[in-house]
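Okay, everyone, thanks for coming. Let me put the thing up on the screen, and then I'll walk you through it.

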Amino acid sequence: MEAENNVVCPLIQIKPGERARMVGLRGGKWLVGRLTSLGFTPGVELTMVQNFGRGPLIVSVRDTRVALGRGEAAHIIVQRNGA
Amino acid sequence: MTESALNSLTDSAAHPLARHETPLIALAGQPNMGKSTLFNLLTGLNQHVGNWPGKTVERREGTFSLDSTPVRIVDLPGTYSLTANSPEEVIAREFILREQPDVVVAVVSAANLERSLYLVAELISLPSPLVVALNMVDVAEHEGLHVDVDILQTALGVPVVPMVATRAQGVRELLEVIRQVLNGERVLMPRVPEIRSDHRQALQDISRLISGHVPPPYPTEWVALKLLEGDSELTKMMQEILPAEKWQAVHQVLLNHDDAQMAVASGRYEWVGRMIRAAVARPPIGQISVTERLDRWAAHPLWGLIFLGLVLGAVFWVTFTVGSPIQNWLETYLIGGLISWADVLLRNAPFWVHSLVVDGILGGVGSVLTFLPILAIFFAVFGLLEDIGYMARAAYVMDNFMHLMGLHGKSFLPLFLGFGCNVPAVIGSRVIDSEQARLLTILVTPFMPCTARMAVVAFIAAAFFGPYATLVSWGFVLLSLLMLVLVGTLLNRVIFKGQRSAFIMEMPLYHLPNWRTIGLLVWQRSLAFIQKAGTTILFLSVIIWVLSVLPNGDLNSSILARIGHWVEPIGRMMGLDWRLTVALLTSFMAKENAIATLGVVFGNSQGVGLAQILTSTFSHASALAFLSATMLFIPCAATMAVIHQETGSWRWTVLNILLMLVVSFAVSSAVYWIAVALRV
């Protein structure tokens, strides 16, 4: 379980209610620019609000709820908060 | 930023570079921070809505008086940052750098301080003096967040004014601070964020390389920072300006620091974090907010869709139950009254003057204007849903469905607006951030059944199908939506090669409606509609009228009738005779004209209602074909005008018209022959 808890994965794998720390962001300058200005920077704490395994998801970052398409969310790399 | 940059910026901020004769204030802020509410509060109806030159971005400017001197205020587009991710961001920063406003007011939300200060971190690095309007302190207090204004203001080095714009609290204090800054009574010592330490050297290197080459009004340090951020506009500009070997050197530095974009953003958030830690007392986390509770339903993939369906049903119910009687009343008493008044007044005028006024202007523009109440109610309900924050949820739950067409949820908002009128819908496509998705949305917008088309359907369906009229009407709405999806999917495959655009959208907190904002929105949209009616529609009404009276003053032998006869062979394939074909053609002017034209064509047969004449003249199959054609026919003149304005291209406009022609012809022919085969 411990190994799984600390695993680095794309944001789409995080379950609702789960928290994760952002470690990286892949993608073009436009996408990176868009996401960083909304608060997605490395080290920030993210909370998954809604993720039904398909369709867009809602994630809370810096007290803001942001809806992301799955394609966009796949570009955000996070580390699960194993505690 | 380096020490020297900090000093020079502080200097310029303390001594504004240019004092405008009439003081100029720029209002900046991220979306959903209450910026528009504040703008409306300050200017009231003293505002002008236009476009930024050469851009399809709304520009709002207004005036108000401060100590009995007039002040100009410009509402900059809402942006999350000042990097060239979108035209809005470029407009905002170019305005501040070029127009050098005497004060920039940054609207931030106390309930969302961390993210909203990000833009402040950018604004504070620009030369214009900055004042921070700390809005929504009531929402923050409600959530247990307390912001210490004095500490925040000391930490930022610029004035911070707490306020609740929706209740007009703190406005007087804000104006007083603006006055002090304008009069130089308040010295600002802005604390500018620094880049993360591992990129400081890179920033200095680039600054040194471009120094002396940066054209005014851009500050050198700022350009260097934007180059590190990978800003597309400024990269292009400097690449053109710099000598080749210098650009090579800059390019090399940028290559060595390909993570600089994130480092700059992180640097700003570190700065923001310091401000917040100093000034904000945070409550223990764990309480569930109202927004979270509502979203469990409104944003749920299943319940959310059902909820949206109920909301849509309610919107139409309210719009038509309240609006239709008013429209009928206006049609009968106002337009009818005006016509009989004109009859009396123009008794002795030449025949053509009488006909121009009664048939051309009152019959054309007049009947279009009777739709205003229906539209105003629709705009109000739509504005209410938008203002309380629901429309973002509607966009979210519709995202999956919109993906069928390669669009995403945001396109749902303008399309929905299209149910009222296609004109604001085409303009509303500006909320979509990708150019391609926006174009596709515009191209499918004319398939949205607007209230004018629904009026035609309601009239014809009631005449021909009696008890089944409602069912038939809904059928035609579904037919239009089906065609919208089919055409959208096809266009996306063929023209845009199935590309998908990114879906990134803030879900704002729900809040109570602000009636002032909604009222102004309804007012502005209605005004735009009246202006269109007074210009484009008036012009076309007169042209159609001319065609219908020349050369003999009789419709049945007029040019219009000849055109009708000429294209009748095409009409026949859809089961339409020349009269229905002419009615369809005149619907180009305004959709509901179809009925008016039929009224004129059958005008001779007196004493019998139009509905009765129609049912005794045409078959049910022809009626169905005529309705399909009307629903899907080329966009009305006003819509076409805005399609051209918003796409900035005749090519797309013409393509759109051809597309609609083909679709309406194909579908209504199919409907006609199927109806004939089934002996409807």
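What you're looking at is a predicted model, where local features need pLDDT of at least 70, side-chain atom pairs count only at pLDDT 80 or more, and totals for chains, interfaces and linings use all residues. Residues are numbered from 1 along each chain as its sequence is written, while chains are lettered from A and ligands numbered from 1 in the order in which they are written.

Let's take chain A. It has three helices and six strands, and along the sequence they come as α-β-β-α-β-β-β-α-β. Its radius of gyration, taken over C-alpha atoms, is 12 Å; the globule rule, 2.2 Å times the number of residues to the power 0.38, gives a value close to that, 12 Å for 83 residues, so chain A is as compact as a globular protein of that length. The C-alpha atoms fill a box of roughly 35 × 25 × 20 Å along the principal axes.

Now, which strands make up the open sheet? There are seven, in the order β1(A)-β6(A)-β2(A)-β3(A)-β4(A)-β5(A)-β10(B), with antiparallel pairing. β1 (8–10) of chain A and β10 (504–507) of chain B sit at the edges with a single partner strand each, so one side of each has no neighbour in the sheet. Look at where the chains meet: four bridges join β5 (residues 64–68) of chain A to β10(B), and the two run antiparallel. In that pairing, Leu68(A) stands opposite Ile504(B).

On to chain B. An automatic or database domain assignment sets the bounds, and it gives domain 1 (3–182), domain 2 (197–281) and domain 3 (538–677). The centres of domain 1 and domain 3 of chain B, taken over C-alpha atoms, are 51 Å apart.

Last topic, the inside. A residue is buried if 20 or more other C-beta atoms lie within 10 Å of its own, exposed if 12 or fewer, and partly exposed in between, with C-beta atoms placed from the backbone. By that count, buried residues make up 46% of the 83 residues in chain A. A nonpolar core is a set of buried Ala, Val, Leu, Ile, Met, Phe, Trp, Tyr and Cys residues joined through C-beta atoms within 7 Å. The largest one has 217 residues, and among the members touching the most others are Val59(A), Leu27(B) and Ala106(B). Helix α12 (residues 260–279) of chain B gives the most to this core, with ten residues.

Key:
Pairing = 2+ DSSP bridges.
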